[in-house]
Amino acid sequence: MFVLAQFSDTHLDGTERKADRTARVMDYLRVLPRPVDAVLVTGDIADQGEPAEYEQARALLTADVPVLACPGNHDRRAPFRSVLLGEAADDAPVNSVHTTGNAVYVLADSTVPGRSEGFLDDGTVAWLRETLAAAADEDGKPVFVCLHHPPVPLHSPVIDEIRLREEDRLARVIAGHPRVAAILCGHAHTPAASTFAGRPVLVAPGVASTLRLPWEPGELFDPALPPMLAFHVVGDDLRVTTHYRVVP
């Protein structure tokens, strides 16, 4: 058994409020008596995609275990890559794969520069196909496909309008890879669970704010509710059980 921690949508913008909320989450994870396998942040790391925002993120998102991040629609590829990942600045999709002792994490860039909805371009789809095929050699480790935009409707009009488009492209790739244990997403600022291509879709809560659903009263996004995170527990049978936690 192992545990993966996931949160999303920090929207760091240089303000103390968002930095404090992100620091609270990271501090909560650092003092766990049993370390997690990895920490996954599924996009919208920055609010405007400015280099200074990624410098703030780089300072905050540190741990003794791997901290993995993929971009969201508020992120900008070049500064995300150069400041946060320490790579050469480039506007190509930020796709990456990371292998730990327990799992393979395939992080796909679902962003469309200048737009809010998601889409996996031809290059990313080809990369996903090749990467998942290569992951078959990883001694039975479960594979997590991670991206910002959920590939399923969440029944919130504001989110469903900007979810992943042409999601069947992703479904066709995943269909041939039984070791894909789950699809992990962000973007919605609310914890959610569904299914896609026969696999769990697990949506991490947002750190910057929480989405209210259409049948709930109040403002659409509530910045006052406490930040949350997800713990994905993977058993020896590769079954994924998710627990959502409010961070004090």
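This is a predicted model: local features need pLDDT of at least 70, side-chain atom pairs count only at pLDDT 80 or more; totals for chains, interfaces and linings use all residues.

User: Why are strand S4 and strand S8 said to stand at the edges?

Analyst: The open sheet has six strands in the order S4-S5-S6-S7-S9-S8, with mixed pairing. Strands are DSSP runs of E, at least two residues, and helices are runs of H or I, at least four residues, numbered from the N terminus. Two strands pair if DSSP finds at least two bridges between them. S4 (96-99) and S8 (192-196) each have a single partner strand, so one side of each is left without a neighbour in the sheet.

User: What makes strand S7 and strand S9 a pair?

Analyst: S7 (residues 180-185) and S9 (residues 199-203) are joined in the parallel sense over three bridges. Leu184 stands opposite Leu202 in S9.

User: Why are H4 and H6 called roughly parallel?

Analyst: Axes are lines fitted to C-alpha atoms, for helices over the stretch in contact, and angles run from 0 to 180 degrees between N-to-C directions. The two axes come within 10 Å and cross at roughly 15°. Angles under 35 degrees count as roughly parallel, over 145 as roughly antiparallel, 65 to 115 as roughly perpendicular and the rest as oblique. H4 and H6 are therefore roughly parallel to each other.

Terms used:
Residues are numbered from 1 along each chain as its sequence is written. Side-chain values use heavy atoms; hydrogens and water are left out.
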